[in-house]
Amino acid sequence: MQKKLRQFKRNKIAFGSLCALLVMYAFSLLSPWLVNDEPLILRYEGKTYFPAFVTYAETEFGGTYETEPDYPVLMADAKEDGKNVWALMPLIVQDPLKADLSADGTPPFAPSSKHLLGTDAHGRDVLSRLIHGFRICMSFSLLLTLLGTFLGIVIGGIQGYLGGKWDILMQRGIEIWSSLPFLYVVILIGSIYGRSFVLLIAIMAIFNWISLSYYMRAEYLKLRSQQYVRAAKMLGMGHVRIFFKEILPNAFTPVITLFPFTLIGGIGSLTSLDFLGFGLEPPTPSWGELMSEGLNNLYAPWISICTVAALFITLLLTTFVGEGIRDAMDPKSGDRYE
């Protein structure tokens, strides 16, 4: 494993792509605080507030309503009135859910100094929605991939470990299950229970494990007859320990190799569902929803260009990582015989 890790690090493109993805994802995880219009720290009339972390009512600042104030408007009005106000603003002062209709004309507005990548058809900043959409898309795909990988390991491993009639029965059941129309299931369940982040992961996870289970079944069928497995059984080890401690570490190659490509599939699936209108509920920041808006507003090409570019770069970097892992796990690689 150490040789494989060294070989992966020597693949500069794959290692650089992995670092870039990690930096992008880490920044996106902080986007609720770094890409927003709520101050990180606000000094108002001698009092200190933390609007990015704590919700305050408008009455706290002399307003009328109990709802949260619009902080850019609040600070502008306070300065006009000569009040003592100071704020530490986020890196990108744009809320992905708020519409800016202050410019002349109707949205979408072209890129400007205020909106670097322009706005969508509702006047919302494209850059902030891309960043927040990346966080949601990557988190969704990571959770989906982890859950699907776990189910694929367990179900495929059980097939291969038991073998015989149990293997045949489970395989026929998987073939029947895989023939179900996935999109129709999403539409049906979404129309009954609504479309939410957790529900979409649950629906997609019950289909996402099938391809990996085939590989794990083959690995367990091959390894269950090895001498060390027989020795473990003779020593009285339980089936669960043999399954996870003895066989799984030696059958982990397909899991590591397929993980980045399964991640790509999750990103593409969520983007496609959002584009078709069966994904996350609006106004959730979504790349698929931005692509749909770009298609409906072809006279505003910045929406489509920015979204497709972001999707292309993300999928390209993930593919480079997957290729690097696959090369490192290749048994024909010369590094393994050094």
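I began with K98, which sits in the loop between β3 (85-88) and α5. For element names I used DSSP runs numbered from the N terminus: helices are H or I of at least four residues, strands are E of at least two. The model is a predicted one, where local features need pLDDT of at least 70, side-chain atom pairs count only at pLDDT 80 or more, and totals for chains, interfaces and linings use all residues. Residues are numbered from 1 along each chain as its sequence is written, and side-chain values use heavy atoms, with hydrogens and water left out.

**K98.** I noted K98 as partly exposed because its relative accessibility is 33%; buried means under 20% relative accessible area, exposed over 50%, and partly exposed in between (1.4 Å probe, protein chains only). I then looked at K98 and F261, which are 163 residues apart along the chain, and found their C-alpha atoms separated by 35 Å.

**Surface patch.** I found a nonpolar patch on the surface formed by L183, Y184, I187, F275, L276, L295 and L298, with about 680 Å² of accessible area together. Two elements give two or more residues to this patch, α7 (182-193) and α12 (253-276). Helix α7 gives the largest share, three residues. Patch residues have over 30% relative accessible area and no salt bridge, and nonpolar side chains (Val, Leu, Ile, Met, Phe, Trp, Tyr) are joined within 5 Å. A salt bridge here is a side-chain nitrogen of Lys or Arg within 4 Å of a carboxyl oxygen of Asp or Glu. I looked up Y184 in helix α7; Y184 counts as exposed because its relative accessible area is 58%.

**Largest pocket.** I read about 360 Å³ of space in the largest pocket. It has 17 lining residues, and L18, L142, F259, L263 and V321 are the closest to its centre. A pocket is an open set of points on a 1 Å grid with protein on both sides within 12 Å along at least five of seven lines, a cavity is a set where a 1.4 Å probe fits but cannot get out, and lining residues have an atom within 4 Å of a point. Helix α12 supplies the largest share of the pocket lining, five residues.

**Cavity.** I searched the whole structure and got one cavity of 30 Å³ or more. The largest cavity holds about 50 Å³ of space. Its lining includes G133, D274 and W287, and α5, α12 and α13 (287-296) each supply at least two residues. I listed six nonpolar, four polar and one charged residues for this lining.

Definitions and conventions: Patch = residues over 30% accessible without salt bridge, like charges linked within 9 Å, V, L, I, M, F, W, Y side chains within 5 Å. Areas by Shrake-Rupley, 256 points an atom, 1.4 Å probe, with all protein chains shown as cover. Points joined across faces, edges and corners; volume = space filled by probe spheres on them. Nonpolar A, V, L, I, M, F, W, Y, C, P; charged D, E, K, R; others polar.
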